[in-house]
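Could you walk me through this structure, one selection at a time? I have it open in my viewer and would like to know where to click and what I will find there.

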There are 2 protein chains.
Amino acid sequence: MNWLVASVLSRLQMIKSVIERVISDDMAGIWKILDSEEKRKIVDAFTLQNFRKNQIIYAEKDTPENLWCLLKGKVKLYKDGLGGRPQILRLLRPVQYFGYRAYFADEPYVSSAAAFEPTTLGCLPMALVSEMITQNNRLAWFFIHELSRNLGSSDTKIINLTQKHIRGRLAEALILLRDNYGYEDDNSTLNIFMAREDLANLSNMTTSNAIRTLSGFVNEKIITVDGRRIKILNETMLRKISKFG
Amino acid sequence: MNWLVASVLSRLQMIKSVIERVISDDMAGIWKILDSEEKRKIVDAFTLQNFRKNQIIYAEKDTPENLWCLLKGKVKLYKDGLGGRPQILRLLRPVQYFGYRAYFADEPYVSSAAAFEPTTLGCLPMALVSEMITQNNRLAWFFIHELSRNLGSSDTKIINLTQKHIRGRLAEALILLRDNYGYEDDNSTLNIFMAREDLANLSNMTTSNAIRTLSGFVNEKIITVDGRRIKILNETMLRKISKFG
DNA sequence: GTAGAATTATGTTTTACAACACACAAAGAT
DNA sequence: ATCTTTGTGTGTTGTAAAACATAATTCTAC
């Protein structure tokens with residue numbers, strides 16, 4: 001058996017196991033109400049796709065066609081502003097679904113999605129998802145719930161980004177990373193490594209100011225920094241800064 | 001028949017006609033799939049409430065319990081920021097529904113709602129709405145659609161408010177008012193009269209700057225202003241300013 | 001009708017942040 | 001190894017918009 005066959009077989013094995021995990025074990029809990037006929041339909045249509053670091057998954061103005069399911073890696077949703085200043089709107093972790101909003105709104109994407117690191121995605125045609133929603137009320141509720149939570153975050157983010165000062169915005173971003181990805185085993189190192197530029201695009205500031213403000217936090221012993229590795233020493237203080245300013 | 005009886009009767013008549021119009025004629029089209037038994041349930045639970053100018057309908061951190069339906073008047077959804085600087089998030093016109101997001105997200109309100117002018121609202125317990133959603137797929141789709149559109153607007157607003165300069169933000173606000181409420185019969189006067197302060201809270205700027213920038217537009221013959229009456233002379237230019245700046 | 005408050009208007013000062021410029025280190029390519 | 005590119009760190013300058021101050025005008029209440 002040559003290496004190609006082996007690789008294909010191992011890949012098929014991987015696909016099979018992943019799909020089984022996603023559809024059957026169903027970590028987000030949205031498929032469990034489907035009967036086995038429906039489940040077969042989904043497993044048939046479900047495809048796996050890998051993305052390289054920084055590869056674009058979809059772009060603003062594209063027509064939405066698929067529901068994406070983040071299985072491994074990290075994904076950012078962002079929107080390009082004037083003069084090419086992108087704003088990161090949302091960061092995703094496994095297992096989260098995305099790409100469906102624009103389809104439901106019946107409009108082109110208003111934001112773009114890109115892989116943050118090597119990433120594996122599941123992909124399901126929205127037409128099929130629509131069909132399933134119409135058949136299964138629990139699925140409808142899943143999306144109502146998700147959309148509602150995202151809308152709340154988005155409204156809150158508006159205040160954070162427009163009214164807080166630089167330190168408050170950066171603190172807010174660090175807290176978001178902490179809440180979204182958590183700590184490593186040492187219970188203090190953020191489980192995501194971002195460029196200063198991404199940190200800036202998350203907090204609505206220039207890269208220089210992200211660097212400067214981060215250094216400020218280091219001087220105040222609120223965090224330590226080792227390259228892109230950020231350790232949070234004083235989470236309470238960080239939340240205080242985020243809250244008041 | 002004395003005036004009190006007459007007033008009560010006329011009010012009952014008004015209530016009956018409004019409810020009939022809302023539930024049966026169903027301007028937003030969300031109740032039409034209900035059978036008559038279901039419709040009766042809704043008409044029974046549906047109550048009318050009047051609000052004075054500036055009266056608060058619900059406030060941030062309240063527990064959401066009702067679906068509100070704006071029948072007459074105007075309503076603003078806003079969020080108080082630091083130092084009491086409110087940001088207007090959304091403006092509503094008849095017939096639009098609101099107040100449901102937080103209930104669906106299973107969290108307290110993150111924004112407040114207040115009447116902009118004397119306003120009549122319909123009110124329906126969310127528990128009942130939930131029940132109806134579970135029974136009627138079209139109703140589920142209605143909310144999925146609404147939430148999706150609102151989330152898109154909210155994400156877009158983030159860029160507008162954070163990246164555009166003052167003139168661009170104010171122009172954007174005027175365009176929003178135009179698209180939301182339209183013109184009067186003269187085809188140029190905005191069909192909403194806002195205080196400069198509200199205009200400022202819509203565009204993320206201080207009241208002084210709203211006044212100043214508005215004067216600027218007047219000097220440039222883009223608009224005319226007569227108290228709170230705003231006439232748009234050059235909508236094309238306004239859209240251009242909104243887009244690039 | 002007058003007092004008082006709220007809203008609108010405009011000028012002046014202050015400041016937070018972007019823009020720019022440059023130095024240096026790390027990572028990839030040749 | 002050397003060159004190039006990409007990311008990081010820091011000082012300097014410029015400016016958009018907030019903050020503050022103070023009239024003038026328009027609403028509201030009694």
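**A short tour, starting at the DNA**

The surface near DNA strand D is made up of five nonpolar, seven polar and four charged residues. Keep in mind as you look around that this is a predicted model.

Select DNA strand D to begin. It is surrounded by 16 residues, and the closest are Ala195(A), Arg196(A), His165(B), Ile166(B) and Asn209(B). Now colour the elements that give two or more residues to this surface: helix H7 (196-203) and helix H8 (207-219) of chain A, along with helix H8 (207-219) of chain B. Which of them gives the most to the surface near DNA strand D? That is H8(A), with four residues.

Next, move to chain B and select strand S4, residues 75-80. Is this strand mostly covered or mostly open? Mostly covered: five of its six residues are buried.

To see one pairing, pick Asp80(B), whose bridge partner in S5(B) is Pro86(B).

For the last stop, select strand S7 of chain B, residues 112-115. S7(B) also pairs with S4(B) in the antiparallel sense, here over four bridges. Zoom in on Leu77(B) and you will find Ala113(B) of S7(B) standing opposite. While you are looking at strands, remember that in a regular strand the side chains alternate between the two faces of the sheet.

Methods. Residues are numbered from 1 along each chain as its sequence is written. Chains are lettered from A and ligands numbered from 1 in the order in which they are written. This is a predicted model: local features need pLDDT of at least 70, side-chain atom pairs count only at pLDDT 80 or more; totals for chains, interfaces and linings use all residues. A residue is buried if 20 or more other C-beta atoms lie within 10 Å of its own, exposed if 12 or fewer, and partly exposed in between; C-beta atoms are placed from the backbone. Two strands pair if DSSP finds at least two bridges between them. A residue is near a molecule or strand if its C-beta atom, placed from the backbone, lies within 6 Å of it. Ala, Val, Leu, Ile, Met, Phe, Trp, Tyr, Cys and Pro count as nonpolar, Asp, Glu, Lys and Arg as charged, and the others, Gly among them, as polar.
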